Amino acid sequence: MVYSHVVFFVHGFGGHSQNLNYLRFRILDLSPIEEEILCHPIISNENKTSDGIVKGGLRVAEEVKKIVSQHKFLKSISFISNSLGGLYSRYAIGELFEPNCSK
């Protein structure tokens, strides 16, 4: 399937990748059929939320790179996070940002 948008869900302290499933399923239910959205729960921080924002953020960044590289036609990405997951997401976005990149 060709996706135009990916939404990453990042759980908080002591959380699990399925903590944000309700939001994930609601987005899929409410999204227009013509827009293919990939909803990806971040799994790289499961059982690893005690080692700091930098390490957790770097794990999120690496997982995002892996998923994005598998979907060449993406136009945009979003993050939905809760608690510590928000800090991980902000750190990862800083690592992923390339000012001169068109994609």
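His5 is buried, with a relative accessible area of 12%; buried means under 20% relative accessible area, with a 1.4 Å probe and protein chains only. The structure is a predicted model, in which local features need pLDDT of at least 70, side-chain atom pairs count only at pLDDT 80 or more, and totals for chains, interfaces and linings use all residues. Residues are numbered from 1 along each chain as its sequence is written, and side-chain values use heavy atoms, with hydrogens and water left out.

His5 belongs to strand S1, which covers residues 5–10. Strands (E, at least two residues) and helices (H or I, at least four) are DSSP runs, numbered from the N terminus. The side chain of His5 forms a polar contact with that of Ser76 at 2.4 Å. Such a contact is a pair of N or O atoms within 3.5 Å; within protein, one must be able to donate a hydrogen and the other to accept it, and residues adjacent in sequence count only if both atoms are side-chain atoms. Beyond its neighbours within four places in sequence, His5 is in contact (heavy atoms within 4.5 Å) with residues including Glu35, Ile37, Leu74 and Ser78.

The protein chain as a whole contains three helices and three strands, arranged along the sequence in the pattern β-α-β-α-β-α. Of contacts between residues at least 6 apart in sequence, 76% join residues at least 24 apart. Buried residues account for 40% of the 103 residues in the protein chain. Along its principal axes, the C-alpha trace spans about 40 × 35 × 20 Å.

Conventions:
Buried means under 20% relative accessible area, exposed over 50%, partly exposed in between (1.4 Å probe, protein chains only).
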